[in-house]
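Welcome to a short tour of this structure. We will look at how its parts are divided and how they meet one another.

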Amino acid sequence: MPKITVDGKQIECRDGVPVLQAVLEAGWDVPHYCYHPGLSVVASCRLCLMEMKMPHPQTKEMDWAPKLFPSCQTPVKDGMEVRFASEGVASSQSHVMEYYLVNHPLDCPVCDKAGECYLQDYSEKFGHASSRMVEDKHKNPKKDIGSKTLLYSDRCVVCSRCVRFGDEVAGAGELRVINRGHRAEIDVFPGVPLENELQGNVVDLCPVGALLSKDFLFQQRVWNLRSTPSVDPTTSAGATIWIDHNDDRIFRVRPRFNEKVNEWWISDETRFGWKYVADSKRLNQPLQRDNGAMKPLRWEAAPELLRRLLDEAASADQGVGVACVLSPMLSCEEAWLLSTFVRSRAPQATLVTGYVPVSGPDKTFPKGFKISAEKAPNRRGVESIIKAMGGPNATFEQFVKSAGDGKFKLAYVTGGYPQVWLTADQARAIGKVQTLITHDLFESALDEYATIRLPGASWAEREGSFMNADGLIQPFERALKPLDGVKSDGQFFHELVGRPGLYRGAKTREAMAEKIPAFGDIFVPRPEPEHAH
Amino acid sequence: MSWQAIDRKSAPADEGPGLSDAVKEKIRAFFPRYETKRAVMLPALHVAQEAIGYISVRAMKDIAELLELPPSAVMDVVTFYTHYWTHPRGEKVLMVCRSLSCQLMGADKLQHAIETKLGIKDHETTPDGKFSFMTEECLAACDHAPCLMVNERMHKRVTPEQLDKLLADADSDKLPMPRSDLYDAPHGEKPARGH
Amino acid sequence: MAYEQILMRNCREGGDPSIKQYKAAGGYQALDKALAMKPDELVEFVKGANLRGRGGAGFPAGVKWSFLPPNRTVTYLCVNADESEPPTFCNRVLMEHDPHMLLEGIIIAGYATRTTVAYIYMRGEFTEQFHVLQKAIDEAYADGLLGKNIRGSGYDMECYIHRGAGAYVCGEETGLIESLEGKRGWPRIKPPFPAVEGLFHKPTVVNNVETLACVPHILTRGLDWWNGLGTQNSKGTKMYCVSGPVNRPGCYEAPLGITTRELIYGKDFGGGMRDNMKVKTVAPGGISMGFLRGDMFPKPDGGKVDVTRDCDELDCLLDFDDPRHYGLLGLGTAAAVVVAEDTDIRDVLFNVTRFFSHESCGQCTQCREGTGWMHRVAARIRDGAGRQYDLDLLAEITKNMGMMPGLSICGLPDGAAFPIRTLVQKFRPEFEKRIGEQQADAAKRRILQTNPAAYDLPILQGRAVQPAGGTYMTPEKLKRN
């Protein structure tokens with residue numbers, strides 16, 4: 001690992017990174033707009049300039065060169081010495097910041113980016129509060145460039161990150177710089193809007209408020225948002241995300257850097273796939289069938305009731321007639337708690353991997369970003385738990401068939417899918433089970449056969465971990481309080497098993513790892529440097 | 001109305017004339033000269049502009065298809081260079097140099113004379129479609145300042161007094177030397193010019 | 001005294017640009033000489049001539065060639081004929097009258113660098129020159145001077161003209177390469193330099209037209225002849241341009257190192273000022289190099305250079321070194337534009353700032369925003385609404401836009417900063433006087449000034465209906481308030 005000296009301090013850095021990346025990782029705040037570790041280097045914003053020691057042309061002694069170097073373009077070399085804390089660098093930074101304000105409209109009060117805007121931050125830290133330009137600003141127009149994105153090109157600083165993203169990562173190249181000089185702006189070809197499956201990322205990439213998400217437009221000032229680390233619940237890829245929320249409402253989902261999976265990006269599916277969380281059709285009341293009609297059931301009474309029903313069903317034959325469907329939407333911890341509960345009273349119960357929705361083939365983008373076809377986050381997790389638990393198991397199709405053949409007396413079916421997941425035929429087959437307990441987010445075709453129907457919580461209201469398609473176990477935290485009338489799945493299973501206190505993902509994982517050691521090895525991506533963006 | 005956003009996503013993507021097969025063939029003839037198809041961009045745009053008078057949105061799309069690029073990449077290039085017109089121009093384009101030498105020698109007066117005589121400003125076209133006018137940075141003929149280009153032909157030391165004669169002259173854009181047809185429209189193709 | 005016209009031997013009205021004429025004048029003999037040498041010998045030979053690039057930067061051509069990596073299969077030669085620096089026109093004159101001199105230079109340089117394809121990047125405004133040069137290339141192909149097995153030497157080279165479309169920045173070598181590749185002419189970051197990774201990511205040499213035209217003559221006449229011309233670090237002969245209100249505007253050849261005064265007043269050069277006017281200022285190397293004070297100022301004491309005082313600076317030698325002593329960026333293209341005493345210096349400032357704000361490519365922040373800002377300030381000063389503070393402001397903008405190396409990707413902002421800085425510094429008394437004479441309500445009009453840049457480049461007309469000018473401080477709004 002090369003060692004370099006920055007402002008008199010020696011730091012160790014990764015091989016082959018630019019100086020800028022190295023110093024950002026070491027904690028320096030160096031202003032930059034055009035540089036992004038996931039994109040090619042263009043060195044055009046000229047903010048990250050530094051001074052460097054070079055051999056003097058005559059004396060060959062190392063001395064500060066009388067010029068500035070872009071740190072994003074200079075690779076680290078062992079023993080090199082650079083500095084940012086110098087008058088020349090500070091003066092250059094302050095002047096460049098002034099240039100940025102020459103044509104930038106100071107409309108922060110109505111700008112969505114205000115509060116997380118790097119033009120604001122850098123002006124505050126490196127630049128000026130006001131501009132000395134007294135003439136009219138050159139004002140580029142606002143443009144509607146796609147179904148999900150707006151472009152306020154008057155705010156644009158022409159860092160070209162969005163253009164490079166479109167070319168290099170998304171491979172679609174809809175966005176371009178047009179015109180030149182200070183009239184340069186970003187645009188799409190008329191009638192060829194920004195509509196690729198990764199387009200939402202350009203909004204995150206934009207260091208200022210030029211690219212805006214229509215979904216988030218004027219929804220919330222960003223300083224009111226709180227960010228909770230989470231994992232993408234829509235596909236098996238396991239992209240790590242931030243859930244930005246306030247008052248138990250999600251406002252947006254952003255990518256969370258993950259060097260092993262999604263790097264800096266997420267697909268639009270992930271980004272906008274949270275809407276069902278706030279759906280007004282979500283179930284919020286446990287129900288119990290009583291003489292043919294569904295009657296409300298108190299959450300407090302449910303565990304006892306379930307234990308009783310299970311004991312009845314399993315008393316004669318060790319639970320051969322009991323099945324438990326573990327949905328791939330469940331976290332590993334929840335799946336483990338539920339299967340533990342079922343097996344504790346019905347040792348011969350069949351554990352079933354729930355329905356796994358698949359749509360089309362996997363998609364791979366030019367730089368390797370993947371959208372996986374499997375639209376559930378934890379199939380592998382559930383499968384490994386079932387395997388580790390041993391005993392009878394079945395696939396979802398086998399379960400439906402056996403249920404139709406009248407093999408099961410009791411079944412606990414978990415769902416949790418944002419979309420319709422059962423056909424009427426499948427429901428009819430499962431409906432042959434005498435005691436059917438469903439645990440789902442939305443009404444489904446099973447409802448008319450259910451003995452007990454429990455409302456589930458969405459992933460944002462739960463905590464635990466998902467095992468992605470590559471076997472990486474990634475924890476996620478709870479962002480929202482569950483809907484009124486809903487108990488988080490983990491908490492409920494926790495009570496079923498009879499464990500004391502509150503459900504905690506990490507605690508449960510520890511207990512689980514004692515039984516299934518593979519689950520002791522979780523992956524948490526390294527955080528991005530504080531001053532990187 | 002600066003708060004209004006221009007609708008770019010449903011803007012017409014087939015505005016204006018497209019390229020004929022003969023023109024496309026002419027553009028393809030440039031392919032062997034370069035390692036990439038993309039490098040044919042500038043020649044292709046020259047040929048297209050020669051053939052249809054300007055670079056229409058549809059022509060950009062056609063060129064993008066020929067060069068196997070997204071159409072936005074063509075738009076990017078077209079807007080960077082000042083020679084390409086994205087709206088129809090007149091039969092004769094009057095280009096007045098506005099750099100220092102020409103301005104010192106009276107390009108301002110010449111520009112003013114053209115603007116008043118034709119009643120058009122920079123990048124505009126007369127209603128009869130005969131003349132368009134634009135100013136250009138240095139035409140590299142400073143020894144003959146002020147200079148005026150009429151399409152391909154350079155007129156040297158032009159005074160406002162000569163303007164009437166120059167505008168009336170049908171051959172004011174004919175070159176005095178044999179032309180190379182490398183960038184010209186294929187034989188028989190007439191540029192559709194004017195509004 | 002008249003200097004021998006070597007490059008310009010055929011440059012006169014009515015001269016014949018054909019291969020016949022060129023051969024009759026001894027053309028293509030240097031090529032035979034070159035083909036008899038080994039390519040590396042040829043590079044060493046040109047290195048020995050210290051042939052410094054004529055395009056503006058003055059980098060020795062031979063050294064540039066020697067940077068090519070030794071193990072390469074494909075090499076490109078880009079001939080920079082994108083002559084866009086006002087008021088330069090020597091390449092135009094050369095290509096118009098003696099295109100074969102350029103072609104011979106290209107073939108020799110191509111052989112020396114083992115070039116496979118040479119592209120002549122010619123600016124789009126050159127129309128007549130394009131037809132002349134294309135004809136010359138056709139003649140050369142017909143004569144076996146280009147194509148396969150050139151003159152039986154076994155060396156193959158193709159040569160094509162690539163026409164530009166109006167962008168000053170494409171005269172920068174990497175901007176040129178990007179433009180050739182069919183992209184916008186945004187200069188590339190260096191390293192890698194073109195010699196290592198240039199056109200289509202292959203080793204590439206970029207040379208100016210005049211530089212290449214010198215090569216055949218160095219070969220035929222020898223190093224001693226070449227090194228006998230010019231001054232210490234600036235060898236050889238150069239085509240000087242002079243334009244503006246002089247009696248004989250035009251392109252004239254002389255060894256490097258004549259004085260600016262000779263270029264303006266010499267009877268074989270500019271032939272003096274029209275109407276016996278005095279020179280107010282002159283940009284001796286193209287406008288991006290900066291301005292000198294003219295002879296309307298008194299002569300300096302004892303002929304000593306002192307740019308801090310208002311003295312006549314026409315004794316500046318036009319070689320690669322001396323202009324720096326006068327606060328200029330360099331020799332540039334050695335094309336002088338002369339401004340007479342009756343011209344308002346504010347108009348000069350306006351014109352220069354307009355040029356650079358129009359031609360900035362928009363990649364680096366300082367250049368993109370700085371040139372536009374300076375243009376607006378200059379427009380305001382010209383319209384009689386300047387402030388004394390604007391002069392300090394302009395000086396400050398120029399300082400942090402291009403006075404320190406490394407601030408930007410290419411040299412355009414340096415070229416934009418020097419003329420404005422030198423104008424503001426050297427003509428400050430005049431600016432101050434003009435601003436002082438302004439009407440009392442100047443400050444008010446200053447705000448009412450609409451944005452001149454809004455009408456600057458209407459190339460996407462019809463794209464969208466936009467309000468003219470800015471919308472933050474429209475005149476209507478201000479009047480209402």
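## A salt bridge between two domains of chain C

In this predicted model, Lys238(C) and Glu210(C) form a salt bridge, and their closest N and O atoms are 2.7 Å apart. Between domain 1 of chain C and domain 2 of chain C, the count is 1 salt bridge. The count for residue pairs in polar contact between these two domains, both residues at pLDDT 80 or more, is 9.

The largest share belongs to α5(C), with 3 residues. By class, the residues on this side of domain 1 of chain C are 10 nonpolar, 7 polar and 4 charged.

## How chain C is divided

Stepping back, chain C has a domain 1 (19-227), a domain 2 (232-341) and a domain 3 (344-450). Taken over C-alpha atoms, the centres of domain 1 of chain C and domain 2 of chain C are separated by 28 Å. Their contact involves 21 residues from domain 1 of chain C and 22 residues from domain 2 of chain C.

The size of an interface is often given as the accessible area lost when the parts come together. For domain 1 of chain C and domain 2 of chain C, the buried area is about 1,700 Å², with 62% of it on carbon and sulfur atoms. On the side of domain 1 of chain C, the residues that lose the most area to domain 2 of chain C are Arg52(C), Arg54(C) and Pro87(C), which together account for 30% of what that side buries.

## Where chain B meets chain C

Now let us turn to another chain. Chain B brings 54 residues into contact with 73 residues of chain C. Between them, chain B and chain C bury about 5,400 Å², and 58% of that area is on carbon and sulfur atoms. Which residues of chain B lose the most area to chain C? They are Glu35(B), Phe80(B) and Leu100(B), together 13% of what the chain B side buries.

Between chain B and chain C the count is 3 salt bridges. In one salt bridge, the side chain of Arg92(C) meets that of Asp143(B) at 2.8 Å, N to O. Across the interface of chain B and chain C there are also 31 residue pairs in polar contact, both residues at pLDDT 80 or more. On the side of chain B that touches chain C, the elements giving two or more residues are α2 (41-52), α4 (71-80), α5 (100-104) and β6 (153-155) of chain B. That side of chain B has 25 nonpolar, 14 polar and 15 charged residues.

## Chain B on its own

Chain B contains 7 helices and 6 strands. Following the sequence, the pattern of chain B reads β-α-α-α-α-β-α-α-β-β-β-β-α. Chain B has a radius of gyration of 18 Å, close to the 16 Å that the globule rule gives for 195 residues, so chain B is as compact as a globular protein of that length. Along the principal axes, the C-alpha atoms of chain B fill a box of roughly 50 × 50 × 30 Å.

## Where chain C meets chain A

Chain C also touches chain A: 54 residues of chain C are in contact with 41 residues of chain A. About 4,200 Å² is buried between chain C and chain A, 52% of it on carbon and sulfur atoms. How many salt bridges are counted between chain C and chain A? The count is 3. A salt bridge joins Glu359(C) to Arg180(A), with the closest N and O atoms 2.9 Å apart.

Residue pairs in polar contact between chain C and chain A, both residues at pLDDT 80 or more, come to 26. On the side of chain C that touches chain A, α13 (345-359), α14 (365-382) and α15 (388-402) of chain C each supply at least two residues. The largest share, 10 residues, is from α14(C). This side of chain C divides into 23 nonpolar, 19 polar and 12 charged residues.

## The domains of chain A

Our last stop is chain A, which is divided into domain 1 (3-85), domain 2 (103-218) and domain 3 (287-365 + 373-520). Between the C-alpha centres of domain 1 of chain A and domain 3 of chain A, the separation is 53 Å.

Conventions. Residues numbered from 1 in each chain as written. Chains lettered and ligands numbered in written order. Predicted model: local features only at pLDDT ≥ 70, side-chain atom pairs only at ≥ 80, totals over all residues. Heavy atoms only, no water. Domains from an automatic or database assignment. Contact = heavy atoms within 4.5 Å. Buried area = accessible area lost by both parts, 1.4 Å probe. Salt bridge = Lys/Arg side-chain N within 4 Å of Asp/Glu carboxyl O. Polar contact = N/O pair within 3.5 Å; in protein donor to acceptor, adjacent residues only side chain to side chain. Helix = DSSP H or I, 4+ residues; strand = E, 2+ residues; numbered from the N terminus. Nonpolar A, V, L, I, M, F, W, Y, C, P; charged D, E, K, R; others polar. Rg over C-alpha atoms; globule rule 2.2 N^0.38 Å.
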